[in-house]
Amino acid sequence: MAHDPTIPSFEIGGIPVSATGMAGLVEAVGRRLAAGPAQPGSFVVFRDAHGVVRAQTDAALRAAHHDALLVCADGRPLSWIGRWRGLSTLQQVPGIEAVEAVCRAGAAAGWRHYFLGGAEGVADLLATTMRARIPGLRVAGVETPPFRPLDTAEIEAMRARIRESGAQIVWVGLGTPKQELFMAAHAPHLPGTIAMGVGAAFDVATGRIPRAPRLLQIAGLEWAYRLAREPRRLWRRYLDTIPRFLLIAARDALSARTAPRPSAPGASGRTGSSAA
């Protein structure tokens with residue numbers, strides 16, 4: 001598996017982020033599916049600051065980002081940084097919004113969807129919700145895996161169910177880092193499919209968890225809304241994530257400023273070094 005070669009990217013903390021928006025994501029999915037069912041399975045990561053920080057100390061998670069077809073800027077700060085780096089095509093692509101956007105875009109073409117993840121019954125509720133919003137949506141299957149590692153027989157049975165369903169897009173709602181590691185492990189065994197790791201989208205899209213007000217989304221403060229709603233569960237995460245992410249971003253910005261630049265042709269007769 002490899003990144004979509006038509007879409008440039010930049011790295012933050014060694015994690016690639018694709019310079020695309022929601023329309024670009026839909027187009028990339030369409031290109032991949034048009035290549036036919038014999039294509040190797042692939043997957044899309046929707047990345048936020050928390051995931052970037054986690055990947056600094058998790059080699060398997062970091063590798064999954066490099067194996068992904070796309071790594072979309074789920075968090076607004078990542079889109080700000082990418083645009084500051086000069087990637088004008090990079091926009092925020094929230095996984096929460098991608099579920100409906102991709103389902104709606106592929107309805108006419110008959111893209112077949114498989115919903116996997118969430119608490120008991122949530123995947124089925126998400127499929128029902130999307131069918132109600134998008135007439136003609138084709139749902140190939142739903143599944144709620146147990147909250148424990150699967151044994152070898154269970155893994156093979158799950159892969160067989162997905163393959164036999166004829167699914168083309170597999171929506172995975174397991175949270176970071178579990179969903180990224182899940183997709184990296186299973187996508188190679190699911191030819192013709194694209195897995196999408198959308199985490200809390202299962203709960204938000206079904207109304208189980210409210211999303212932050214639009215003004216907070218625009219300001220990049222969705223994390224503050226989540227923290228206010230679940231302080232006991234999230235305060236340690238954000239206390240760790242925010243300063244570490246700012247340090248990563250500052251370090252990368254400093255590296256970009258101090259990296260050697262190519263010399264202008266003929267300038268002092270020397271050959272410049274390429275920026276790292």
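This briefing walks through the salt bridges of the structure above. The model is a predicted one, and a search of the whole structure turns up 15 salt bridges. As background, side chains of opposite charge can pair when their charged atoms come close.

**Arginine 31 and aspartate 4**
- The side chains of arginine 31 and aspartate 4 form a salt bridge at 2.8 Å, N to O.
- This pair links distant parts of the chain, 27 residues apart: arginine 31 sits in helix 1 (residues 22-34), while aspartate 4 belongs to the segment before strand 1 (9-12).
- Arginine 31 is partly exposed, at 37% relative accessible area.
- Aspartate 4 has 8% relative accessibility, so it counts as buried, the cut-off being under 20%.

**Arginine 133 and glutamate 100**
- A salt bridge of 3.0 Å, N to O, joins the side chains of arginine 133 and glutamate 100.
- Because arginine 133 lies in helix 6 (residues 122-133) and glutamate 100 in helix 5 (residues 95-105), the pair ties together parts that are 33 residues apart in sequence.
- Arginine 133 is partly exposed, with a relative accessible area of 37%.
- Glutamate 100 also counts as partly exposed, with a relative accessibility of 24%.

- Aspartate 48 and arginine 47 meet through their side chains in a salt bridge of 3.5 Å, N to O.
- Arginine 47 is buried, at 0% relative accessibility, whereas aspartate 48 is partly exposed, at 22% relative accessible area.
- Salt bridges link Arg47, Asp48 and Glu180 into a network.

Methods
Residues are numbered from 1 along each chain as its sequence is written. This is a predicted model: local features need pLDDT of at least 70, side-chain atom pairs count only at pLDDT 80 or more; totals for chains, interfaces and linings use all residues. Side-chain values use heavy atoms; hydrogens and water are left out. A salt bridge is a side-chain nitrogen of Lys or Arg within 4 Å of a carboxyl oxygen of Asp or Glu. Helices (H or I, at least four residues) and strands (E, at least two) are DSSP runs, numbered from the N terminus. Buried means under 20% relative accessible area, exposed over 50%, partly exposed in between (1.4 Å probe, protein chains only).
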